[in-house]
Amino acid sequence: MTIDDRYRFLQSLSPRAGTYALDFWRRRAELVVELKGPQDFVSHADRAVEAMIRDEIARAFPGDAFLGEETANTIEGTPERVWIVDPIDGTHNFLRGIPYWNVSIAYAERGVRTLGAVCDPVAGAVYHGRRGGGAWRTDAAGETRLAATGATALPGSLICIGHSDRFPDPRYLALRSAFMDHEVAFRNFGCAALQLAHVAEGRYDAYVELELSSWDAMAGLLLVEEAGGYAAPFPGPQGLAVRAPVIASVGGIGPALHALVREQTGIA
Ligand code: IPD
Ligand code: CA
Ligand code: CA
């Protein structure tokens, strides 16, 4: 089984997982919502979508490892081949009927993220990419190659700042204040992987979050890189169970943005 086989499989699995999740979304009033911690929600939908993805991967590639937010959120060492899954990213939006959530699936080989797909089922779009093969959006109109914007300066840019609602982190106040000083417009739509895909698509100029898990970050980071953007190194053995800062942007503002975030928050 080659990387081509896995990419084909991913392009088929991603929209099917998205459709499965969409069915739960349409019937979300029936879901029983549990609290994993403060502002940390989960429902049967998250677990069922992850189980579906996990079963399909195990059937198609029985030797591959699996890391998923809901059923397998730790992993030993650096497996040669590993799939990294967030079954529903943007769960809070999902549960409240806000149409901004996604299913995120990445694949890393020997510690290097290699494939990624972010499915936005409400929009009927799959963002997918392969290392060295570009990033693409597939929807009813066909396939479009993604290209990050050509922004070259922080003033005038539009940057998404994600932050976890689960714990206070005053570094975001310093960062927001610095963005105001630098004439940066900022937003947070509450869904890391889709915001990263939208950086790759050219909707936003960057995405910053000071602590993300690998299942939130891997697919979206690959899309940004393959769309010609800048991705700060995601520390630790790539693709494994780590939490780390994410700075991903169009190429032209990457170094300046990284320096500003470093200065304001103390991250590496
Ligand atoms: C969360 C979302 C949110 C981000 C959080 C993530 P979840 O993922 O992506 O936008 O700010 O850090 O944990 O819980 O919805 O899968
Ligand atoms: Ca997530
Ligand atoms: Ca999730």
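User: How far is an oxygen atom of ligand 1 from an N or O atom in the side chain of E69?
Analyst: This is a predicted model, in which local features need pLDDT of at least 70, side-chain atom pairs count only at pLDDT 80 or more, and totals for chains, interfaces and linings use all residues. Residues are numbered from 1 along each chain as written, chains are lettered from A and ligands numbered from 1 in written order, and side-chain values use heavy atoms, without hydrogens and water. A polar contact is a pair of N or O atoms within 3.5 Å. For the E69 side chain and an oxygen atom of ligand 1, the distance is 3.4 Å.

User: Which residue has a backbone N or O atom 3.2 Å from an oxygen atom of ligand 1?
Analyst: A polar backbone atom of I88 lies 3.3 Å from an oxygen atom of ligand 1. The residue at 3.2 Å is G190.

User: How much of the area that ligand 1 exposes when taken alone does the protein bury?
Analyst: Accessible areas come from the Shrake-Rupley method with a 1.4 Å probe. Taken alone, ligand 1 exposes 380 Å². The buried part of that is 92%.

User: Which element gives the largest share of the shell around ligand 1?
Analyst: The shell has 14 residues, D89 and R166 among the closest, where near means a heavy atom within 4 Å. Strands are DSSP runs of at least two residues, and β4 (81–89) and β12 (206–213) each supply at least two residues of the shell. The largest share, 3 residues, comes from β4.

User: Which residues coordinate the calcium ion (ligand 2)?
Analyst: Donors are N, O and S atoms within 2.8 Å of the metal, or 3.2 Å for Na, K and Ca. Here they lie at 2.0 to 2.3 Å and follow the spacing D-x2-D-x126-D along the chain. They belong to D86, D89 and D216.

User: Which residue coordinates both calcium ions, ligand 2 and ligand 3?
Analyst: The two ions are 3.8 Å apart.

Conventions. Polar contact = N/O pair within 3.5 Å; in protein donor to acceptor, adjacent residues only side chain to side chain. Helix = DSSP H or I, 4+ residues; strand = E, 2+ residues; numbered from the N terminus.
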